[in-house]
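Visitor: I am new to this structure. Could you take me through it, one topic at a time?

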Amino acid sequence: MIAELGRFLIALALIASLAQMALSWVGASQGGRSPYALAGRTASLAALLTSALGFALLIAAFIQSDFSIAYVAGHSHVDKPLFYKVTAAWGGHEGSMLLWCLILALFGYGLTRVGPAEPAFRARAVSLQGLLQTLFFAFLAFASNPFDRLDPAPLQGRDLNPILQDPALAIHPPLLYLGYVGLSAAFAIAAAGLIQKTSGRDIARALRPWALGAWASLTAGISLGAWWAYYELGWGGWWFWDPVENASFMPWLLGAALVHSAIATEKRGAFPGWTVFLALLAYVLSILGAFLVRSGVITSVHAFALDPERGVWILGMLGVSAVAGFGLFAVRAGSLGEGDGFEPTSREAFIGANNLLLAAAAGVVLVGTLYPLFVEMLGGAPVSVGPPYFDAAATPLLVLTLLLMPVAPFLPWSNGGAKPALEQMRAALLLVPVALAGGALIWFGAPVLAVVGGALGVWAMAGATMDIITSYPLAQTRALKFAAAGRAMAHAGVGFIALGAAADASRPPDVNSALARGESIRIAGSTLTLTEVRRADGPNYLADRATLAVSDGRTISPERRFYWAADQHTREVGLGSSITGDLYVSIGEARPREDGSAAYEIRAAFHPLVWMLGLGASLIVLGGFSALTAQVLTRRRREVQP
Amino acid sequence: MIALTLIIAALGVGVAMWIASPLAKGAGSPVHRLVAFGVMAVLAVGALGVYLAGGQPGLPGQPYADTEARLAAIAPEDLTGEEQEERLRAIVRREPGNPEALAMLGRFLAFDGRYLEAIAMLERSVRVQEDARVLSDLGQALVNLNEGTVTPEAGRAFAAAMELDDSLPEPAFFMGAAAYDAGDREAALQYWAGIAGRLPADDPFRQAIAVRAADLLSRPAGGPQAIDPDVLDPDESPEAMVSRMVAGLEAGLEADPGDLTRWMVLARVRAVLEDREGARAAIAEARARAGDDAGIGAILDALERAGGLEPETEGEEE
C-alpha cells in the first residue's frame with residue numbers, strides 16, 4: 001500500500017508541476033493576477049504537498065523495513081538504528097532525487113509567496129520553476145522511482161553504505177540540495193526577468209535573497225561534507241579536489257560571485273548582464289554536479305549511482321536548462337539595461353575584480369574536473385587530474401581574491417577613492433598581525449603557500465574586524481546592522497578557513513606504527529599509549545574499540561568496525577581536540593606477533609588549528625543568513641513604505 | 001487493492017479539482033467552465049497514466065514484521081537456509097540474552113563461513129552462559145578465521161571448554177595441534193592420547209584423532225630442513241642420507257628411550273625403508289614404554305595400520 005501510494009503521489013507531483021508551469025505561464029501572460037496565475041500557485045502547493053507526503057511514505061517504508069521496495073532493500077537492514085533508517089531515505093540515488101524534487105517544489109511554492117514583487121514577473125518565475133520541477137519529477141517517476149518494487153521481495157536488505165551511517169552525512173545532503181536546488185529559484189527569476197524584459201536591477205533585487213539562502217546552505221552542506229570526510233574516511237583529509245567535491249565547489253564559487261555582483265547590480269545598476277548570466281550558469285553547474293555524481297562517468301568515494309542511462313536523462317535536463325537559459329540570455333540580454341559607470345578604485349570595481357577571479361577559479365576547476373572525461377571520450381588513455389593541478393591553477397586566483405576582499409567594504413561606490421578607504425582601514429595596523437602570522441608560520445617551517453595563506457587569512461580577519469568596528473555603529477536600521485554583521489562574519493570566516501588550511505598544510509608527518517597493549521608512540525609533543533582494545537559491538541556492526549591514553553591525561557578511542565550486513569569494514573577515527581589542534585588516531589587490523597601478543601596498526605596525526613576551518617565555515621553560513629535577514633527586513637520595509 | 005484504488009481515485013480527483021478550482025471560480029462563461037473541467041480531467045487522468053506506467057497495484061507491501069510472522073508460522077525444517085537464519089536472528093533480536101539462540105545463530109554463521117559474526121554471537125552466548133560445546137565452537141571459528149592457526153584467543157576458548165567437559169574431542173584435538181605447531185610433540189601426544197583414551201572405542205572421533213596424531217607425530221621433526229646443511233655431503237646418495245638419519249634417531253633413543261614420538265618416527269622411517277620388522281620392533285618398544293595407556297595404544301594402532309605393519313595372521317603367512 002505504502003509503495004503504490006508513494007508512486008501515485010510522485011505521479012501527482014509531476015502532473016501538478018506540469019500544471020504549475022502551464023497555468024502560471026498563461027497567468028503571467030495575463031498580467032499575473034488572473035485565475036490561471038492563482039491556479040498555478042495552487043498547483044505549486046499541490047506539488048509541494050504531494051511530494052512531501054511521498055517522501056514521508058518513503059521514510060515510513062524504511063521504518064517498516066518493507067523490502068518489497070527495491071530502494072529500501074538496497075539501502076536498509078532491519079537491524080540498522082532507527083535514525084539511519086530515516087536518513088537512508090536520502091542516502092541513495094532514488095531517495096535523494098525525491099528529496100531534490102521536494103526541495104524544488106518547496107522553492108517553487110516559495111516563489112509564489114515571496115517571489116518577485118511584480119505579479120507577471122512572479123508568475124513567470126513560478127512557471128519556469130514549474131518547468132524545472134517537471135523535468136526532475138519526470139526523471140524521478142520514469143527513471144529513478146524510489147517506489148519500484150521487487151517480487152519476490154528479499155528477506156533482508158543490503159544495508160546502507162556504512163560510511164554514510166553518520167550524523168554529519170545525514171544532514172549534509174539536505175543542506176547541499178537546499179544550495180543546489182535553491183539556485184534553481186535564482187535561475188527561474190533570471191530567466192523570467194529576461195522573458196518579461198525586466199531591468200537588471202529589478203532582477204537582481206528579486207534573486208538576491210534566493211541566491212543568498214542557497215549559497216549559505218551550500219556552504220553549510222559542503223562544510224559538513226568536508227568535516228565528515230575528515231573524520232570518517234580515516235585519512236584526515238578534508239578536501240581532496242575529488243570530482244564530486246569540485247562539482248559542489250563550482251556552483252559555490254559562482255554563487256559567491258553572484259551574491260556580490262547582485263549587490264552591485266541592485267545598488268548601482270552595475271554588471272546587470274553578468275549577474276543574470278551568473279544566476280543562469282550557477283544552476284546549470286548544479287545540474288552538471290548531479291550529472292557527475294549520478295551518471296557513473298567519474299569514480300569517486302562520493303559517487304552513488306553508476307547508471308549511464310540515468311546520466312543521459314540528466315544530460316538532457318542539463319541541455320534543456322542550458323539551452324533555454326543561455327538562449328534567452330543571448331536574445332534578451334540587451335533589455336537588462338546598462339549600469340552607471342564607476343572608477344577603478346570604487347567598490348563596484350573591486351566586486352567586479354573579485355567576480356572575475358571567482359569565475360576564473362570556477363573555470364579552472366571545471367576544466368580540471370572535465371578534462372579526464374574528454375580525454376577518455378576522445379579515445380585517450382585514462383588520466384586523472386589531482387591536487388597538483390588544482391593547487392597550482394586555482395590557488396593563485398583564490399589568493400588574489402583574498403587579497404582584495406577585505407579592502408572592498410571600505411571603498412565608496414561609483415567615484416571610488418582609495419585614500420579614505422586606506423585611512424579607514426588603518427592599513428598599517430592590519431599589517432602587524434599579518435606579519436606576525438607569516439613570521440610564526442615561517443618559524444614553524446611551514447611551506448611557502450601555507451605562509452601566504454596564513455598571512456592572507458589574518459589579513460581577511462583583521463579587515464573584517466575593522467569593517468564591523470567601522471560600519472556597525474553607522475548602520476541606522478536593523479537591516480543595515482544585519483547586513484554589516486553578515487558581511488564581516490562571512491569575510492572573517494573566509495579568513496579563518498585560509499588560516500586553518502595554512503596551519504593544516506604545515507602539520508607534522510603522520511606516525512604509522514604497530515602497537516601492542518602498553519606500547520606508545522609520540523606525535524606533536526604528546527605520547528599516546530595503547531591501554532586496551534575491547535569489543536564495542538553495535539546493532540548492525542561488530543567493533544574493536546581501542547583506548548589510547550594521551551600524556552596530558554586525555555583519552556582517544558578509535559574503532560575498527562565490521563558492518564556484517566553490508567560486509568564492509570570501516571575505521572572510526574578517534575579525535576582528541578584542543579585549542580592547538582586535533583590529535584587524530586585510527587586503528588587498523590591486529591597482527592599477531594611471535595610472542596603471541598596482538599599488535600594493532602595505529603595511524604596517528606596532528607592537525608593544528610583545524611577547528612578554524614569549522615569556525616570559518618560556520619561564520620560564512622551565519623554571515624549569509626544574516627545578510628538574508630537584512631534582505632527580508634528591507635523587503636518588509638519596502639512593503640510597508642512603498 | 002480496493003482500498004488502494006479508492007484512495008488513489010480520491011487523491012487524484014481531489015488534487016485535480018483543487019488545482020482547477022480557481023479557474024472554475026473565476027469562470028465567467030460556460031467555455032471557461034469547460035476549460036476548468038478539462039484541466040481537472042487532464043490532471044487526474046495524467047496522474048493515473050503516469051502511475052500505471054510502472055505501478056503494481058496488486059502487489060501488497062511486505063513490512064518486515066509480516067515477514068517475521070510468516071517465518072515463525074512455518075516449521076523450522078521446512079525453511080530454507082536463508083529463512084532459518086532470519087528466524088534465528090528474529091529470536092536473537094527479541095531475546096538478546098538467549099544463549100541457545102545465540103549459539104545456534106553463531107554455528108549457522110560459522111557453517112556459512114561468516115566467522116567474524118559467528119564469533120561475536122558465540123562470545124555473546126558464552127557470556128550469558130558458559131557451555132563447553134559453545135566454547136569449543138568459538139575456538140574452532142577463531143581457528144577458521146585465522147586460516148587454521150590456533151591463536152592464543154582460540155587456545156583460551158579450547159582450554160575453557162576442556163575445563164568444563166574434558167570428553168569433548170575438538171578442544172583437545174586443537175590444543176594438541178597448537179602444541180604440535182609450536183614444536184612441542186610431547187605435549188601434542190599428551191593431548192591427543194588423552195582424548196583418544198577418554199573416548200569410547202567405537203567413537204568415530206577417536207579413530208580420526210588417532211590417525212591424524214599418528215601421521216603428524218611420526219613425521220621427522222622439522223622435515224628435510226631439519227638436516228644440518230653444514231654436514232650435508234653433496235655426493236651422498238639419498239639412501240645414505242636416510243641411513244644416517246636412522247642412525248641419528250637410534251642414537252637419540254639410546255640416550256632417551258622414553259621419547260615415544262621418536263620411536264614413532266623411527267617406525268615410520270624403517271617402514272619406508274621396507275624394514276618392516278624393524279618398524280614393528282620400534283612400535284612394540286613404544287607400546288611397551290606407554291604401558292596400558294589406551295590413548296597412546298590407539299595412536300600406535302593407527303600408525304601400524306598406516307604403515308601396513310599389523311601382526312600377520314596365519315592365513316596371510318600361508
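**Salt bridges, interface and backbone**

Guide: Over all chains, the structure holds 39 salt bridges (a side-chain nitrogen of Lys or Arg within 4 Å of a carboxyl oxygen of Asp or Glu). This is a predicted model, in which local features need pLDDT of at least 70 and side-chain atom pairs count only at pLDDT 80 or more, while totals for chains, interfaces and linings use all residues. Residues are numbered from 1 along each chain as its sequence is written, chains are lettered from A and ligands numbered from 1 in the order in which they are written, and side-chain values use heavy atoms, leaving out hydrogens and water.

Visitor: Arg205(A) forms a salt bridge with which residue?

Guide: The closest N and O atoms of the pair are 3.4 Å apart. The pair links distant parts of the chain, 61 residues apart, with Arg205(A) in helix H8 (residues 200-232) and its partner in helix H9 (residues 243-268) of chain A. Helices here are DSSP runs (H or I, at least four residues), as are strands (E, at least two), numbered from the N terminus. The partner is Glu266(A).

Visitor: What area is buried between chain A and chain B?

Guide: Buried area is the accessible area (1.4 Å probe) that two parts lose on being put together, summed over both. Carbon and sulfur atoms give 74% of it here. Met1(A), Phe8(A) and Leu155(A) supply 19% of the area that chain A buries against chain B, more than any other three residues. The area is about 3,800 Å².

Visitor: Which helix gives the most to the side of chain A that touches chain B?

Guide: Contact means heavy atoms within 4.5 Å, and it takes 45 residues from chain A and 44 residues from chain B. Between the two chains, the count is two salt bridges; Asp79(A) forms a salt bridge with Arg93(B), the closest N and O atoms being 2.6 Å apart. Helices H1 (2-29), H2 (35-63) and H6 (119-143) of chain A each supply at least two residues of this side. With twelve residues, the one that gives the most is H1(A).

Visitor: Where is the place of Pro152(A)?

Guide: The peptide bond from Asp151(A) to Pro152(A) is cis, with omega near 5°. Most peptide bonds are trans. Pro152(A) has its place in the loop between H6 and helix H7 (167-196) of chain A.

Visitor: What is the phi of Leu609(A)?

Guide: Most residues other than glycine have a negative phi. Phe271(A), in the loop between H9 and helix H10 (272-294) of chain A, has a positive phi near 50°. Leu609(A) is in the loop between strand S10 (598-608) and helix H18 (611-640) of chain A. Leu609(A) is not a glycine, and its phi is positive, about 50°.
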